[in-house]
Amino acid sequence: MKTIAIICDCDNTLAPDTTSLLLEKNEINLDSFWKDISHQVEMGWDPPIAWMTAIANLIQEGKIAQDTNAKLAEFGKSVTPFPGATDFITQINGTLTKEHDVTVEGYVVSCGIESLMKGTVLAESFTDIFGSSFYEKDGIIAGVKSSITFTEKTKFIFAINKGISDIREEPYKVNKFVEKEKRSIPFENMIYLGDGASDIPCFSMIKNLGGHCIGIDIDSKWHKDFQLELRKREMSAFKPDYREGSELRKELDSILQTI
């Protein structure tokens, strides 16, 4: 049976920005928060480490109620994904398995908070969700355990390609040589969906290795530069509507038929 991987960013691709939703829930001013993060980035901070450290500090100060990974996962239950995002993997799987002896695995590879994303309804249909994480000390989140930066995302793409399921526990496994014909999911059987600058390395790598990429179009001032990058790469972008009959689903179905 042939296996196809649909790999997605999460925030602003499958659902509204989950980090901003968390901040809003705790009445943290978004403009002020993200402005401070921009200043830190200008001083040399890596973006995901900057905002995750800021959130950990807010938790330590008692300004964010979701102060454990379990509470972040519980908050994730309140996140409403974009239309059709919850079950499009399941729908596609049902059709392809029956008609073409093909199975589809869905993966999330995101800079977002892993425990929060795993608490969302998306976890019910995706094979795995990879994100950044916090560590706890004395029963409360104390700092950043891991962060997924721009090129760090490609590490997880290679793990999916090679069939490495325990990449978190044994990260060095991703460097293991695996002959192309023995890899679990060839790059040409991958479809990557993303909405922002952090997705560009994955777009470039997967496309250059024979895979397929789809841009997600979010109407935001933060995404103008991203849309320009898509045009340079001759890529189309679609509104995040995953329901059958939508333009995005038509594009997905066309690529799936090609594979």
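Strands are DSSP runs marked E of at least two residues, numbered from the N terminus. The model on screen is predicted, and this tour moves through it one selection at a time.

**Stop 1: Asp128**

Select Asp128, which lies in strand β3. Is Asp128 buried or exposed? Buried means under 20% relative accessible area; Asp128 has 18%, so Asp128 counts as buried. Now show what surrounds this residue. Leaving aside residues up to four places away in sequence, Asp128 touches Gly106, Tyr107, Val108, Lys118 and Arg168.

**Stop 2: the second largest pocket**

Rolling a probe the size of a water molecule over the atoms shows where empty space is left.

Which elements each supply at least two residues of the lining? They are α6 (114-119), β3 (128-137), β4 (140-146) and α7. By type, the lining of the second largest pocket divides into five nonpolar, six polar and six charged residues.

**Stop 3: helix α5**

Select residues 88-100, which form helix α5. This helix has 13 residues and reaches 17 Å from its first C-alpha to its last, close to the 18 Å expected at 1.5 Å a residue.

Colour the buried residues of α5: Phe88, Ile89, Ile92, Asn93 and Leu96. Why are they on the same side of α5? They cover an arc of only 125° around the axis, which puts them there. What covers these buried residues includes β1 (2-8), β2 (102-113) and α10 (247-258).

Step on to the residue that follows α5. This is Asp101, with a positive phi near 55°.

**Stop 4: Asn189**

Not counting residues up to four places away in sequence, Asn189 touches Lys2, Thr3, Ile4, Ala5 and Ile259.

**Stop 5: helix α8**

Finish with residues 200-208, helix α8. Which residues of α8 are buried? Select Ile200, Cys202, Phe203, Met205 and Ile206 to see them. Just after α8 comes Gly210, which takes a positive phi of about 95°.

Methods
Residues numbered from 1 in each chain as written. Predicted model: local features only at pLDDT ≥ 70, side-chain atom pairs only at ≥ 80, totals over all residues. Heavy atoms only, no water. Helix = DSSP H or I, 4+ residues; strand = E, 2+ residues; numbered from the N terminus. Expected span 1.5 Å × (residues − 1). Buried < 20%, exposed > 50% of the residue type's maximum accessible area, 1.4 Å probe, protein only. Arc of directions from axis to C-beta. Contact = heavy atoms within 4.5 Å. Nonpolar A, V, L, I, M, F, W, Y, C, P; charged D, E, K, R; others polar.
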